[in-house]
Amino acid sequence: KQAQAAAAAQPQPVATGVQAGGVAAGDLVTQLAQLMLIREMVHPTLSYSSGKITQNRDPEFRKTVLQAYGYTPAECSGRSKTIPCLILDRPVPANSLVCGHIFKHEWAPVAELVMGIGIDDPGNGLPLFKPLEDAFDSLKLCITVDHMEVFTVHVLDPQLKPVRLVQRAKDLLGSQWEKPRDATLSAMTFGALNGKTIKFYTKHRPLKRLLAFHARQAIQKARNKGWGVEGLAFREFGNPGYPCVAGASQLQAWLQTQASAPAPPT
């Protein structure tokens, strides 16, 4: 009801003929009003701290993401026993490399409305070592992008920093875990990745607005828990595909169905 009231209270954008930097001022007002509307509506429904985790990964999404980031044909087809993790920039056992969605797969019905993309767009994918994907999904790790287009990893949970990546991988994968031969990887902790910049090998990048959407929630959680991230900030990135007001009505209808759905199991 609060989301409905907030949506109803938003002013309707007024079009003008004034130009600002080649873009109609009315268009800028429209985008700003819609951004405010969507934020009021999607939070807290689109929350990383609730909902389900995708168990059955789509092999086609995995292949599309790996191809976009420039992985070899053998790595994309599953013929390689090891695959590099985007953050680590070093190979991990293939069965422990997960191509996860930044904007969660369960939000697929509103992906185009909120973010202007299809849920399986390669810009919505990150090829990560399983323990890093788990930390990202649980808001214990985020990625920020600065004005120089540098993508930086932040490990937010101080209790996670001394934990070895391979130990966490073993806990998550159980009997499916394959011990790597890489001694450096075996000794690496989460804390060693804090402040690491991501290196890319193609022009493809994860969509900045999706990372910002995630980072906003991760940093807020870190502040609420007193994890000492007061100085950490992130850039907001607009989305040229933000929906029209009519699209926002469709989004509101979806949010209402989510509000009436049974709570996820704890």
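This is a predicted model: local features need pLDDT of at least 70, side-chain atom pairs count only at pLDDT 80 or more; totals for chains, interfaces and linings use all residues.
Local features need pLDDT of at least 70 and side-chain atom pairs count only at pLDDT 80 or more, while totals for chains, interfaces and linings use all residues. Residues are numbered from 1 along each chain as its sequence is written, and side-chain values use heavy atoms, without hydrogens and water.

The protein chain has ten helices and eight strands (DSSP runs, H or I of at least four residues for helices, E of at least two for strands, numbered from the N terminus). Of its 266 residues, 44% are buried (under 20% relative accessible area, 1.4 Å probe, protein chains only). Among contacts (heavy atoms within 4.5 Å) between residues at least 6 apart in sequence, 72% join residues at least 24 apart.

The whole structure holds eight aromatic pairs (Phe, Tyr and Trp rings, the six-membered one for Trp, with centres within 6.5 Å; planes under 30 degrees apart are stacked, over 60 edge-to-face, the rest tilted). Tyr48 and Trp107 form an edge-to-face pair, at 5.1 Å centre to centre and 75° between the planes. The two are 59 residues apart, Tyr48 in the loop between α2 and α3 and Trp107 in the loop between β5 and α5. Both Tyr48 and Trp107 are buried. The pair of Tyr69 and Phe200 is stacked, because its planes lie at 15° with the centres 6.5 Å apart. Ring pairs also join Tyr48, Phe103, Trp107 and Phe213 into a cluster.

Beyond its neighbours within four places in sequence, Glu133 contacts Arg57, Val98, Gly100 and Leu128.

Methods. Buried means under 20% relative accessible area, exposed over 50%, partly exposed in between (1.4 Å probe, protein chains only).
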